[in-house]
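Biologist: Could we go through the aromatic contacts of this model? Please begin with the terms.

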Amino acid sequence: MKYEYWLAAIPNLSDCKKRLLREEYKEGRTVYYIEEMRLRLLAFLEDKDAGAILKAKREIKLDKEWERLEKQNIRFIPYFSEEYPKKLLQLADPPYALYVKGRLPREAAFCAAIVGARKCTPYGEEMALDYGKCLAEHGIQIISGMARGIDGAGQRGALNGGGATFGVLGCGVDICYPREHIGLYMDIQENGGVLSEQLPGRPPLPMYFPMRNRIISGLADVVLVMEARERSGSLITADQALEQGKDVYALPGPVTSQLSQGCHFLIRQGAGILISPDDLLKELEIHTKELKQKTGKIEKTLENDENVVYSCLGFFPKGISQLIEETELSAPVLIQRLISLELKGCIREVSKNYYIRVR
């Protein structure tokens with residue numbers, strides 16, 4: 001795996017070209033030992049790309065770097081790994097690899113992103129804490145950027161609710177940013193994980209934060225914007241979520257507050273309105289912990305293949321092609337299982353070939 005890390009770590013080479021290299025040669029080790037002449041003959045590489053690869057062979061101290069990852073308990077998860085989040089593979093530009101301290105979100109569990117202003121008001125902070133706590137108590141995983149203000153409050157709320165939360169960083173996962181969140185940084189690793197596409201040791205540079213926002217929205221099933229100015233990074237996250245087909249909710253505030261202008265803009269554009277955590281739970285059809293117990297009882301009564309299909313469905317519609325990919329069942333078998341589950345009243349077809357869980 002250390003050669004795979006080397007391929008991921010090559011500077012000045014795009015993720016797209018790294019993927020093409022890996023798909024061409026099937027493993028990082030082969031790329032590492034490829035002859036220069038063969039490298040320069042590859043049609044998708046320019047001379048500068050070949051130069052970057054050769055330079056990386058000379059300058060990256062592979063054994064030392066890999067040993068450092070292991071000592072710091074940083075997990076390296078490339079895009080072809082079974083552990084890599086399937087939700088991120090649906091992005092137009094998924095990260096080539098993730099670096100993780102702790103664990104990744106569970107694929108089968110619902111995820112909500114809580115994002116907003118760094119310099120938030122006491123009102124915004126209180127709402128982020130309340131939503132994070134209430135959602136976590138109902139088994140919803142909380143995703144955010146561990147930033148000052150709303151992000152940190154939402155994640156602290158999730159911890160207070162005894163749930164799991166995950167921080168997506170705009171720097172290496174071995175760096176706590178902002179530094180005053182060191183306690184939160186450690187607690188998140190115990191009750192979830194911190195992750196980044198940036199190499200360990202990379203500082204928090206402005207250009208990395210818009211990039212990390214697509215990962216936050218990509219991992220989330222729904223995005224909650226608690227407070228945001230008219231021009232805000234949180235609106236970038238919301239835009240990316242909408243492009244990815246996710247639902248966005250915004251918290252209304254005083255019409256005179258600059259920190260609510262971004263939220264009011266989203267609401268005017270059709271975002272859902274956050275009234276209360278309980279109201280949101282009802283909208284998401286996630287009512288109480290009893291729902292999870294009921295779901296567990298249903299799954300025990302289903303056939304094995306039915307259980308696989310049922311566990312992949314949730315409260316937002318999924319199409320046949322997505323279910324084939326997630327269940328790894330053939331189309332005829334999948335359709336038979338969907339018909340069986342619908343007859344049993346476990347799922348419902350909400351539009352042509354799109355299904356949701358109803359029990």
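Modeller: A charge sits over a ring if NZ of Lys or CZ of Arg is within 6 Å of the ring centre and within 35 degrees of the ring normal. The model is predicted, so local features need pLDDT of at least 70 and side-chain atom pairs pLDDT 80 or more, whereas totals for chains, interfaces and linings use all residues. Residues are numbered from 1 along each chain as its sequence is written, and side-chain values use heavy atoms, without hydrogens and water.

Biologist: Which ring has the charged end of R22 over it?

Modeller: That of F80, with the charged end 3.5 Å from the ring centre.

Biologist: How exposed is F80?

Modeller: F80 is partly exposed, at a relative accessible area of 30% (buried is under 20%, exposed over 50%, partly exposed in between; 1.4 Å probe, protein chains only).

Biologist: Which residue forms an aromatic pair with F80?

Modeller: Y79 does, edge-to-face, at 5.3 Å centre to centre and 85° between the planes. Rings of Phe, Tyr and Trp (its six-membered ring) pair if their centres lie within 6.5 Å; planes under 30 degrees apart are stacked, over 60 edge-to-face, the rest tilted. Y79 is buried, with a relative accessible area of 13%.

Biologist: Changing topic, how many aromatic pairs are there in the whole structure?

Modeller: The search finds twelve. One of them is Y3 with Y33: the centres are 5.8 Å apart and the planes at 50°, so this pair is tilted.

Biologist: What about burial of Y3?

Modeller: Y3 is buried, with a relative accessible area of 15%.
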